[in-house]
Amino acid sequence: MGDRGPAAALNGASLISGVPLAYWIDYGFTKMYTQASWRVPTTLQCILTIIGGRLMIFMPNTPRWYNAKMRIEEGDSTLCRLHDEPLDNPVVQQAKREILAVIESELEANKLLDGPNL
C-alpha cells in the first residue's frame, strides 16, 4: 500500500488547483450581461463531471470492498493486480492482512455502537 501517499497528494493537488481554476473561469464571465455568463461555467463543470463519471466505469472495485462483501477471491485478484505480484508475495499478504484487520475492527466498532439488544 505504498502508493497511497502519492495518490493522496495527487488528489489534493487536483482539488487545490481545480478550485482556483473554477473561480477564474467564473470571474472571467462576471462582466458579461448575457446568459453566457452563467451557462458557460456551468456547462464546463457538467462536461468535466460527465467525463470523470464515465471514466469511473472502468475502475475496479477496491480489494477492501470485495473483502467486506465476503468476495475474497475477487479481492485477492484485485490486490494482485494493484501490486503486480502473485498472491503469495509478502507485500500482497501484508496488504490483505491490513485490509482484513480494518474490516474486523469496523465490525467490532459497529457492534459497540449498536449497543445491547433489548
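This is a predicted model: local features need pLDDT of at least 70, side-chain atom pairs count only at pLDDT 80 or more; totals for chains, interfaces and linings use all residues.

The domain assignment divides the protein chain into domain 1, covering residues 3-58, and domain 2, covering residues 63-114. The C-alpha centres of domain 1 and domain 2 are 33 Å apart.

**Salt bridges**

- Three salt bridges are found when the whole structure is searched.
- One of them joins Glu106 to Arg64, with 2.2 Å between the closest N and O atoms. Glu106 belongs to helix H5 (residues 90-114) and Arg64 to helix H3 (residues 63-68), so this pair ties together parts that lie 42 residues apart in sequence.
- Since Lys96 is in helix H5 and Asp76 in helix H4 (residues 72-83), the pair ties together parts 20 residues apart in sequence.
- Lys96 counts as buried, at 16% relative accessibility, and Asp76 is likewise buried, with a relative accessible area of 10%.
- Arg71 and Glu74 form a salt bridge through their side chains, with an N to O distance of 2.6 Å. Arg71 is partly exposed at 34% relative accessibility, and Glu74 is partly exposed with a relative accessible area of 35%.

**Nonpolar core**

- Which residues make up the largest nonpolar core? This core consists of six residues, namely Leu79, Cys80, Val92, Ala95, Ile99 and Ile103.
- Helices H4 and H5 each contribute at least two residues to this core. The most comes from H5, which gives four residues.
- In soluble globular proteins, nonpolar side chains tend to be buried together.

**Cysteines**

- Cys80, a member of the largest nonpolar core, is buried at 18% relative accessibility.
- Apart from its neighbours within four places in sequence, Cys80 is in contact with Glu85, Pro86, Leu87 and Val92. Val92 also belongs to the largest nonpolar core.
- Cys46, by contrast, counts as partly exposed, at 42% relative accessibility.
- How many disulfides does a search of the whole structure find? The search finds zero disulfides.

**Aromatic pairs**

- The count of aromatic pairs comes to two.
- Trp24 and Tyr27 are three residues apart in helix H1 (residues 4-28), a separation of about one helical turn. Trp24 is exposed, at 60% relative accessibility.
- Trp65 and Tyr66 also pair: their ring centres lie 5.4 Å apart with the planes at 70°, so this pair is edge-to-face.
- Within that pair, is Tyr66 buried or exposed? Tyr66 counts as buried, at 11% relative accessibility, whereas Trp65 is partly exposed at 33%.

Note on methods
Residues are numbered from 1 along each chain as its sequence is written. Side-chain values use heavy atoms; hydrogens and water are left out. A salt bridge is a side-chain nitrogen of Lys or Arg within 4 Å of a carboxyl oxygen of Asp or Glu. Buried means under 20% relative accessible area, exposed over 50%, partly exposed in between (1.4 Å probe, protein chains only). Domain bounds come from an automatic or database domain assignment. A nonpolar core is a set of buried Ala, Val, Leu, Ile, Met, Phe, Trp, Tyr and Cys residues joined through side-chain atoms within 4.5 Å. Contact means heavy atoms within 4.5 Å. A disulfide is a pair of cysteine sulfur atoms within 2.5 Å. Rings of Phe, Tyr and Trp (its six-membered ring) pair if their centres lie within 6.5 Å; planes under 30 degrees apart count as stacked, over 60 as edge-to-face and the rest as tilted.
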